[in-house]
Structures are given as structure tokens and as C-alpha cells.
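Here is a short briefing to read alongside the structure.

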Amino acid sequence: MSSTPAQSAVEAFDAVDLIKAKRDGRSLSTPEIDWLISRYANGYVGDEQMAAMAMAIFLNGMERTEIRDMTLAMIASGERMNFDGLGKVTVDKHSTGGVGDKITLPLMPLVASFGVAVPQLSGRGLGHTGGTLDKLEAIPGWRAELSNEEMFTLLQEIGGVICAAGAGLAPADKKLYALRDITGTVECIPLIASSIMSKKIAEGTDSLVLDVKFGSGSFMGDIERSRALAETMVALGEDAGVRTSALLTNMNVPLGLAIGNANEVRESVEVLAGGGPADVVELTVELAREMLRLAGKPDADVEGALKNGAAMDVWRRWVSAQDGDPDGALPVAREMHEVRADRDGVLVRQEALPFGIAAWRLGAGRARKQDPVIHAAGIDLVAKPGDTVKKGDVLFTLSAEDAARFPRALDALEGAYEIGDAGSEILTGGPLIAGRVGAE
Ligand code: URA
């Protein structure tokens with residue numbers, strides 16, 4: 001960064017002029033965007049001005065060139081990692097987030113077991129979607145914070161790493177994302193695409209597979225908006241020289257049976273042991289195939305590596321390398337509450353968003369960045385859409401440290417699932433994987 005607020009050199013632009021330009025629907029030029037982002041990062045442009053700009057972008061959108069400039073300016077606000085010295089191809093995955101989405105946990109060791117390097121820089125959750133680091137911190141001793149040197153060593157020796165993105169990576173995005181979170185400007189394709197891709201490009205991966213969610217439990221909602229987001233992100237990646245593709249995946253129904261932290265780790269270990277719920281296995285396998293295809297290994301026997309212990313072996317070595325105990329007992333909640341079927345029939349509907357909100361209210365997620373998560377809290381589903389149930393069967397179990405949390409979680413689940421007559425249509429909102437964008 002060239003100047004600080006105290007230096008106040010003659011400035012090339014004025015924030016108010018740029019806000020008015022975007023408010024009135026004009027495109028911003030490359031020098032204007034570079035100036036705006038660098039001056040926001042160093043504090044010369046204030047939060048109130050950037051909030052107005054974010055809202056103007058939210059309302060009026062951005063041209064493709066503006067989104068590219070925004071992404072590059074956010075990358076330039078911080079460090080850029082470089083794994084060239086590794087001698088291995090690097091490939092990463094990013095998910096736009098969903099309920100029960102623990103795929104990173106089995107996916108990283110699975111892909112790494114084929115000799116490519118997977119630098120997975122992850123975040124913590126806010127709101128109803130869980131964060132990968134929060135889930136992994138349920139493992140006794142496991143450490144999320146690594147130095148760049150440790151990351152490099154793990155990638156070299158084990159082939160994969162999942163750790164916290166350091167403060168040096170796209171700091172302008174960190175500031176802007178926090179501001180968007182409290183100003184109603186999150187759900188905006190130019191801002192989401194530049195935010196996600198600035199971090200992924202700065203991370204220095206050769207290839208990237210995006211898991212872009214659609215459906216009620218995703219933040220984009222309908223599939224067409226998810227496709228538009230995917231296309232924007234794929235173009236940003238390709239422009240920056242990162243081989244990028246996206247899968248459009250269904251988030252109308254929770255993924256797997258576990259929603260929480262410790263229980264999602266348990267389910268991930270089941271997948272690594274060759275079992276686990278069919279939808280989690282399917283998505284893990286398809287994302288692994290796509291990552292390995294981009295990394296030049298299209299014929300890898302991905303399912304074989306789950307069945308023969310190769311992926312599990314990487315998981316165990318990797319958990320230990322980050323100070324976790326792969327055999328350590330995961331936390332179990334003090335209080336449980338079972339919800340049972342009130343009639344015979346078929347489970348026809350199970351909505352992701354209310355289940356995500358309920359798990360969050362049980363303590364599995366945080367309402368404010370500084371809140372702790374309760375690793376043992378969450379929901380374990382027993383029935384999934386399409387399953388036949390009998391009156392009195394357990395549909396799902398809520399877990400919490402304090403039973404006082406159950407009523408509000410149950411309020412969130414009011415109307416969130418439905419038992420119909422045998423033969424009723426099953427309402428999952430489409431297939432699990434609805435399409436691919438990019439990297440033909
Ligand atoms: N995740 C991000 O990193 N940025 C966004 O804008 C949305 C999701």
C-alpha cells in the first residue's frame with residue numbers, strides 16, 4: 001500500500017465522486033477501482049463510504065471488466081502465495097456453503113492420496129452455514145492456525161492441508177466482507193464473485209473446482225442465479241490463469257445425516273472408511289473426480305481410494321500433523337431430544353434452511369464473529385426424503401449442552417418437513433448435481 005491516511009498526498013480520485021458515479025449507473029475504470037480498494041484497505045476511504053459504494057454496486061451491478069478489476073485490486077491489497085517450489089500440481093475446492101456441507105473433510109485427503117497437493121484455506125461459519133475450521137476443531141488438539149512454512153511442509157510431506165487463511169491474504173476483502181455482512185449487501189454476484197475469487201487466486205492454486213449451491217439452503221436461491229455466479233467466478237479464475245470449473249449442486253435438502261460440528265466429523269470419517277450417506281459419498285466422489293481431472297489425472301480410481309484405506313491413511317497422518325488425535329473421542333452433548341413421526345408414510349420434504357437455523361440455535365453456529373461454537377451441538381437426521389417411516393419412528397435427534405435451547409430450535413423446524421402417503425412426489429428440488437460450468 002502506497003499511502004496512509006496521515007500522509008494525505010494529492011489523491012487521484014474522490015470517494016464521493018466514485019459513489020455518485022456508481023449510484024448513477026456508470027462503470028468504474030481500472031484506476032478508479034484500484035484507487036478505491038487500496039484506499040479502503042489503508043483506511044483513507046471510510047467504512048461509511050464503502051458501505052454506500054457496496055449498496056450502489058448491489059443495486060446497479062458491475063460490468064465484467066469492473067468485477068475483474070475489483071478482484072485484482074483485492075488480491076493486490078495483500079500477499080500472494082506461491083507453491084511453485086512444491087514440485088506438485090495444486091488443486092483446491094471452494095463451496096459457497098450449505099447445511100451439512102462437510103465435503104472438504106473427506107475430499108482433501110481423498111484427492112491428496114493421488115499425489116496432487118490440496119492447499120485448502122478455510123474459514124469459520126457465520127449464520128446457518130457451518131465453517132470447516134469450526135467442524136475440525138471438534139477433534140481434540142487439532143490446530144487451525146499454521147505458518148506459511150508449516151503449510152508448505154504439510155503439502156510436501158502429506159499432500160494436503162486445511163487451515164485458516166492468514167490475515168495477509170486479500171485483506172481488503174476481509175474488511176469489505178465484514179462490512180457487507182452488516183449492511184445487507186452480501187447477496188450480490190459481483191461482490192460475492194470478486195470476494196471468493198480474490199482469496200482463491202491469492203492462495204496460488206493451479207486449478208480450482210467451485211461447488212456452487214442452489215436451493216433454499218444456499219444464499220443464491222434459484223439455480224439460474226447460481227449458474228450466473230458460477231459463470232462469473234469461472235471467468236475470473238480463467239482470466240487469472242487458474243484452471244477453474246464449477247459444479248452446480250442442490251442445497252434444498254441437508255447434505256448427509258449430520259448437521260453440526262463433531263457429528264459432521266464423525267460422518268466424514270465414515271465416508272473415509274468406505275461408508276457414509278449416499279449423497280455425501282456422491283458429491284465427494286464427483287468433486288474429487290473433477291479436481292483430479294483438472295490436475296491432469298482423469299483416470300484416478302476415486303471410489304477405490306475410499307474403499308482401500310488410501311484416503312483414510314492421508315486423513316490420519318494429516319490430523320496428527322496438525323496436532324489432532326485421529327483416535328480422540330469427539331464431544332457428545334449432554335442433552336438430546338428426539339422428534340418422531342406422527343403418522344405412517346413417506347418423508348416427502350426436508351428443507352435445508354430451517355434445519356441449518358435449528359442447528360445454529362442449538363449452538364452449532366455463531367451469531368457474532370466473536371461467539372464460540374458448541375462442538376457437540378447439532379442435529380442427526382435418521383430419515384431422509386424418500387424414506388418410509390412408521391408412526392413413532394425417530395425422524396431426527398437434536399443435541400445441545402442445555403435443554404433450554406430445544407424450544408427455539410423446534411420453532412425453526414415448524415413446517416420444515418412433511419410425511420406424505422406412500423407414492424407421493426418426493427420434493428428435493430432436483431438432482432444432487434445439476435450441471436457443470438467451465439473447464440471443458
Ligand atoms: N464467501 C465469501 O468469501 N465472500 C462472499 O462474498 C460470500 C461468501
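This is a predicted model: local features need pLDDT of at least 70, side-chain atom pairs count only at pLDDT 80 or more; totals for chains, interfaces and linings use all residues.

**Domains**

- The domain assignment divides the protein into domain 1 (15-61), domain 2 (91-328 + 433-438) and domain 3 (335-420).
- Domain 2 is given there as two stretches, 91-328 and 433-438.
- Between the centres of domain 1 and domain 3, taken over C-alpha atoms, the separation is 42 Å.

**Helix 1 with helix 3**

- Helix 1 covers residues 15-23 and helix 3 covers residues 47-60; their axes are 8 Å apart, at an angle of about 15°.
- Angles under 35 degrees count as roughly parallel, and helix 1 and helix 3 are therefore roughly parallel to each other.
- Their crossing is left-handed.
- On the helix 1 side, the residues in the contact are A15, V16, L18, I19, K22 and R23, and they meet Q49, A52, M53, A56, I57 and N60 of helix 3.
- By type, the residues of this contact between helix 1 and helix 3 comprise eight nonpolar, two polar and two charged.

**Helix 11 with helix 14**

- Helix 11 (residues 262-272) and helix 14 (residues 310-321) have axes that come within 8 Å and cross at roughly 140°.
- Helix 11 and helix 14 are therefore oblique to each other.
- Helix 11 brings V265, V269 and L272 to the contact, while helix 14 brings A311, M312 and W315.
- The residues of the contact of helix 11 with helix 14 are six nonpolar, with no polar and no charged ones.

**T284 in helix 12**

- You will find T284 in helix 12, which runs over residues 278-294.
- Is T284 buried or exposed? T284 counts as buried because its relative accessibility is 0%, and the cut-off for buried is under 20%.
- With neighbours within four places in sequence left aside, T284 is in contact with I103, P106, L107 and L110.

**V302 in helix 13**

- V302 belongs to helix 13 (residues 302-307).
- V302 has a relative accessible area of 2%, so this residue is buried.
- Which residues does V302 contact, leaving aside its neighbours within four places in sequence? They are L110, F114, V285, A288, R289 and L292.
- V302 and R289 lie 13 residues apart in sequence, and their C-alpha atoms are 6.8 Å apart in space.
- L110 is a contact of T284 and also a contact of V302.

Key
Residues are numbered from 1 along each chain as its sequence is written. Side-chain values use heavy atoms; hydrogens and water are left out. Domain bounds come from an automatic or database domain assignment. Axes are lines fitted to C-alpha atoms, for helices over the stretch in contact, and angles run from 0 to 180 degrees between N-to-C directions. Helices (H or I, at least four residues) and strands (E, at least two) are DSSP runs, numbered from the N terminus. Angles under 35 degrees count as roughly parallel, over 145 as roughly antiparallel, 65 to 115 as roughly perpendicular and the rest as oblique. A crossing is left-handed if the near helix is turned anticlockwise from the far one by less than a right angle, and right-handed if clockwise. Contact means heavy atoms within 4.5 Å. Ala, Val, Leu, Ile, Met, Phe, Trp, Tyr, Cys and Pro count as nonpolar, Asp, Glu, Lys and Arg as charged, and the others, Gly among them, as polar. Buried means under 20% relative accessible area, exposed over 50%, partly exposed in between (1.4 Å probe, protein chains only).
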